[in-house]
Amino acid sequence: MQSEIAQYYQRGGEATRLDAGHGRWEFLRTWDLLGRILPAGPLSILDVGGATGVYAGPLAAAGHEVHVVDPMPEHVAASAALPGVTAAAGDARALAEPDASRDVVLLFGPLYHLVDRADRVTAWREAARVVRPGGLVLAATINRYTSLLDGYAKGFVRDPGFAAILTTTLATGVHRNLSGDGRWFTTAYFHRPDELPGEVEEAGLTLERRAAIEGPLWMMPDLAQILADGERTAQAMALLRAVEGEPHLWGASSHLLTVASRPA
Ligand SMILES: C[S@@+](CC[C@H](N)C(=O)[O-])C[C@H]1O[C@@H](n2cnc3c(N)ncnc32)[C@H](O)[C@@H]1O
């Protein structure tokens with residue numbers, strides 16, 4: 001892992017990132033998608049890049065067997081402390097897991113921290129090796145235009161440092177932030193949604209579907225008020241379910257979920 005990425009995560013933000021605002025909406029939408037996509041359990045799930053166990057904890061509480069792999073020792077320790085969750089240090093490109101040993105592999109993080117395509121395909125291939133025939137690999141990626149939208153929503157574009165990073169990101173997908181200081185997201189790769197089918201295919205997996213995670217609603221100035229109101233949250237959730245598979249809206253979502261299966 002590059003040093004600025006490790007420095008960024010050493011700040012400890014992952015423990016609370018999904019508790020409020022955009023992060024909360026990301027969690028609620030991801031959890032809603034998981035509930036509709038995962039087959040009936042209990043399942044054996046490998047959560048690669050699982051950080052502090054934000055999904056591993058609730059998945060274990062729902063009765064699944066969950067093992068987290070993450071390069072950050074702090075994340076491994078936090079995950080391993082959760083009831084029903086085991087965790088170990090590791091890298092998505094070289095998993096210490098037997099072939100065909102899991103029903104589901106989650107890649108919610110590694111693909112956007114691997115800036116070289118060959119590394120991303122290696123991570124997909126490792127997931128394909130570890131999942132059983134007929135099992136699922138679910139991957140979260142950040143969309144190419146997220147920092148353009150975030151830059152305007154939060155006013156970052158007025159900072160020349162951010163604007164320089166953004167110009168390169170829009171042209172190449174590489175968001176290279178060497179500072180590690182936590183002002184903006186650390187070094188990452190921001191996918192165009194149309195890049196995912198090729199990565200999936202090169203790993204020998206079958207593309208099942210893609211879905212917007214947050215959709216365009218993550219940029220709404222009154223998101224906190226919506227999430228504080230159960231009725232408004234339920235309405236937003238129903239509307240997002242209706243458009244999550246609409247390719248014309250994918251680029252406006254902060255994250256995209258790709259679902260792939262290993263041929264039986
Ligand atoms: C933004 S966090 C996402 C955490 C959580 N899975 C979620 O969806 O909210 C990205 C995670 O990917 C991990 N990560 C980065 N590079 C990785 C790699 N090469 N292999 C496995 N995990 C990696 C980081 O340590 C971090 O925990």
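The shell around the ligand splits into 13 nonpolar, five polar and three charged residues (Ala, Val, Leu, Ile, Met, Phe, Trp, Tyr, Cys and Pro count as nonpolar, Asp, Glu, Lys and Arg as charged, and the others, Gly among them, as polar). Keep in mind that this is a predicted model: local features need pLDDT of at least 70, side-chain atom pairs count only at pLDDT 80 or more, and totals for chains, interfaces and linings use all residues. Numbering starts from 1 along each chain as its sequence is written.

**Ligand shell**
- In all, 21 residues surround the ligand, going by a C-beta atom, placed from the backbone, within 6 Å of it.
- The closest are Gly 49, Ala 51, Ala 92, Phe 108 and Gly 109.

- Ala 127 is in contact with Val 48, Val 105, Leu 107 and Val 137, leaving aside neighbours within four places in sequence; contact means C-beta atoms, placed from the backbone, within 7 Å.

**Tyr 189**
- Tyr 189 sits in strand β7, residues 188-191.
- Tyr 189 counts as buried because it has 23 C-beta neighbours inside 10 Å, and the cut-off is 20 or more, with C-beta atoms placed from the backbone.
- Not counting residues up to four places away in sequence, Tyr 189 touches Tyr 112, Leu 114, Val 115, Gly 173 and Val 174.

Notes. Helix = DSSP H or I, 4+ residues; strand = E, 2+ residues; numbered from the N terminus. Buried ≥ 20, exposed ≤ 12 C-beta atoms within 10 Å, placed from the backbone. Contact = placed C-beta atoms within 7 Å.
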